[in-house]
Structures are given as structure tokens and as C-alpha cells.
Amino acid sequence: MKPSRFPALQASAVAAARAAGELMRRHLRRTKKVNEACHHDIKLDLDVRCQRVITRSLAADFPGIPVLGEEGIDDRVRTAPARWVVDPIDGTVNYAHGSPHAAVSIALQLREGTGYRTVVGVVHDPFMDETWTAITGRAALLNGRRIHVSKRRKLDESIVSLGFAKSTESLDHMLPVFNELVYRVRKIRLMGSAALALTYVADGRFDGYVEAGIRLWDIAAGGLIVECAGGVFESGETGEEFRHTLMCNNRLIDRELRSATRAGLARNPR
Ligand code: IPD
């Protein structure tokens with residue numbers, strides 16, 4: 001696929017994210033149908049409905065590009081030359097409880113060698129009306145304006161966000177990270193939306209984000225946005241398909257943050 005098509009693909013992703021975001025906004029204060037709940041996670045009927053809205057919207061513009069989504073995976077996503085990676089509601093637990101801290105995340109990935117590379121990323125927060133966008137090789141934007149990661153150099157002046165995924169094993173990995181970091185940073189933030197944590201690093205509100213055992217659809221779009229804003233985004237394979245460990249920061253605190261989080265992230269969470 002030619003890079004000249006990326007802006008049109010990005011425009012399509014923005015339109016799809018806005019359509020789903022509108023549905024999220026309308027239902028924020030309403031009682032929501034829960035499709036599935038476990039100790040540390042909730043799945044809503046609205047997750048499914050939002051993914052359907054996104055899939056239809058993308059397919060209307062670009063038929064034939066399969067969707068790898070939190071709420072359903074097209075069989076072709078492991079072989080297709082291009083694929084959409086979609087989290088219809090990132091921050092579902094926040095949203096389910098009525099907290100307006102959740103976002104739509106859409107990335108376009110192209111096949112490269114044995115893997116896939118993100119070339120377009122869109123994260124849309126319908127509650128703040130903020131839309132972060134990136135195209136590989138270009139500057140990252142927030143509502144059309146260029147953004148950059150923070151210039152903070154010291155870990156002890158930094159805000160670092162952590163994510164706790166739903167499995168007990170991932171909690172076991174993150175607690176040592178929390179215990180170490182809490183004494184070393186200005187503040188730790190546990191906000192409950194990986195996509196927004198990444199975009200907050202991209203635009204300098206946060207200085208780093210770390211999580212073990214996170215899914216590809218939570219981080220594909222935000223990761224590109226961080227890179228295009230000058231930051232570090234590194235996702236390590238865990239051995240389970242579409243599940244990663246994640247290190248993200250403003251580049252200036254990279255060394256200090258890695259050394260402070262090594263204990264928890266060294267092993268492979270599921
Ligand atoms: C979750 C959020 C959360 C992160 C979890 C994710 P979801 O995504 O991004 O911040 O810590 O690992 O699963 O389930 O709300 O789309």
C-alpha cells in the first residue's frame with residue numbers, strides 16, 4: 001500500500017472513531033448491558049455495538065481490510081497485507097461505571113516480514129473532544145495541532161502511569177513495579193485507559209507508561225502517536241498472541257525508568 005493513501009485511511013479512521021465516540025457519549029449516564037464480567041474486567045454490549053459501527057464505517061471507505069478488534073477478530077488478520085486494529089472502548093471498566101475516561105483506538109497496520117507495523121494511529125476521547133492522530137514518519141497531532149513528549153529529564157519529577165490488566169498474573173508483575181516506582185516518581189497515575197495513557201505521554205501530560213500483559217488493540221494506535229511525538233514506545237512479545245509488555249516514555253527518563261521497572265517486567269505475563 002502506498003504512503004500517499006495514509007491520509008485518506010487516517011480520515012476514515014477518524015470518522016469511524018467519532019461515530020463510535022458519539023454512541024459512547026450518548027450512553028455514558030445510562031444503564032449499560034453487561035455481556036460478561038469477571039473479577040477485574042467487564043465487557044459491555046456497547047463494546048460490541050461500537051466495534052460494529054467502526055467496522056461498518058471503515059469497510060464503507062476501504063472494503064477488504066480486515067479488522068482485528070477486542071470484540072471480534074476477522075480470520076484474515078494474520079495474513080492480509082493490511083489490517084485495522086481496533087479497541088472500540090478502551091477503558092471499558094471506567095465507562096461501565098460512568099467515568100468519562102475512555103477512548104476509541106484505531107490503528108492501521110501493514111504486513112512486514114513475519115509481523116505487522118503500525119502506519120496510521122487514531123485515538124479519540126469523545127468526552128474531552130480530543131483526537132490524537134499520527135501517520136508514520138510525520139509529526140503527531142492533537143486536534144490538528146502538533147504535539148511533543150515532555151522535556152522532563154528526572155524520574156523524581158515525572159508522572160508515570162501504570163496499567164493493571166485483568167489477570168492475577170499481570171497484577172503480580174505490576175505490583176513490584178508499583179512498589180518501586182511510587183517512591184521514585186513525583187506521582188503514579190492509574191487511569192484505566194491504556195490508549196489515553198499513551199496519548200498523554202505523547203502530548204507531555206505524563207512522562208511514562210508501563211504495563212505488563214496488555215493487548216495489541218489497546219496500544220497499537222497510541223504507540224505510533226508516542227513515536228511520532230518523539231517518545232519511546234517498546235512492546236515486547238509475551239508468547240501469547242496479541243499480548244505484550246509495554247514500556248513507553250519521553251526518551252529522557254528512559255534509562256532511569258527501565259532500571260526502576262526491571263524487576264516486574266523481566267518475566268512474561270499472561
Ligand atoms: C484495558 C485498559 C486498561 C489496561 C488494561 C486494558 P479495555 O482495556 O486499557 O487501562 O490496564 O490492560 O485491558 O479492556 O478497557 O479495552
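Trainee: How far is the ligand's oxygen atom from a polar backbone atom of serine 193?
Mentor: For a polar contact, look for N or O atoms within 3.5 Å of each other. In this predicted model, the distance from a ligand oxygen to a polar backbone atom of serine 193 is 3.1 Å. With aspartate 87 it's a polar side-chain atom that lies 2.8 Å from a ligand oxygen.

Trainee: How much of the ligand's exposed area does the protein bury?
Mentor: Start from the ligand taken alone, which exposes 370 Å². The protein buries 88% of that. As for where it is, the ligand sits in the largest pocket.

Trainee: How many residues surround the ligand, and which are closest?
Mentor: Count those with a heavy atom within 4 Å. Here 15 residues surround the ligand, and Glu70, Asp90, Gly91, Thr92 and Glu211 are the closest. By type, the shell divides into 5 nonpolar, 5 polar and 5 charged residues.

Trainee: Which strand gives the most to that shell?
Mentor: That's E5, with 3 residues. Strands E5 (82-90) and E13 (208-215) each supply at least two. On the domain level, domain 1 (3-146) and domain 2 (155-265) each contribute at least three residues to the shell.

Terms used:
Residues numbered from 1 in each chain as written. Predicted model: local features only at pLDDT ≥ 70, side-chain atom pairs only at ≥ 80, totals over all residues. Heavy atoms only, no water. Polar contact = N/O pair within 3.5 Å; in protein donor to acceptor, adjacent residues only side chain to side chain. Areas by Shrake-Rupley, 256 points an atom, 1.4 Å probe, with all protein chains shown as cover. 1 Å grid on protein atoms, 1.4 Å probe; cavity = no way out; pocket = protein on both sides within 12 Å on 5 of 7 lines; lining within 4 Å. Sits in = over half its atoms within 2 Å of the grid points. Helix = DSSP H or I, 4+ residues; strand = E, 2+ residues; numbered from the N terminus. Nonpolar A, V, L, I, M, F, W, Y, C, P; charged D, E, K, R; others polar. Domains from an automatic or database assignment.
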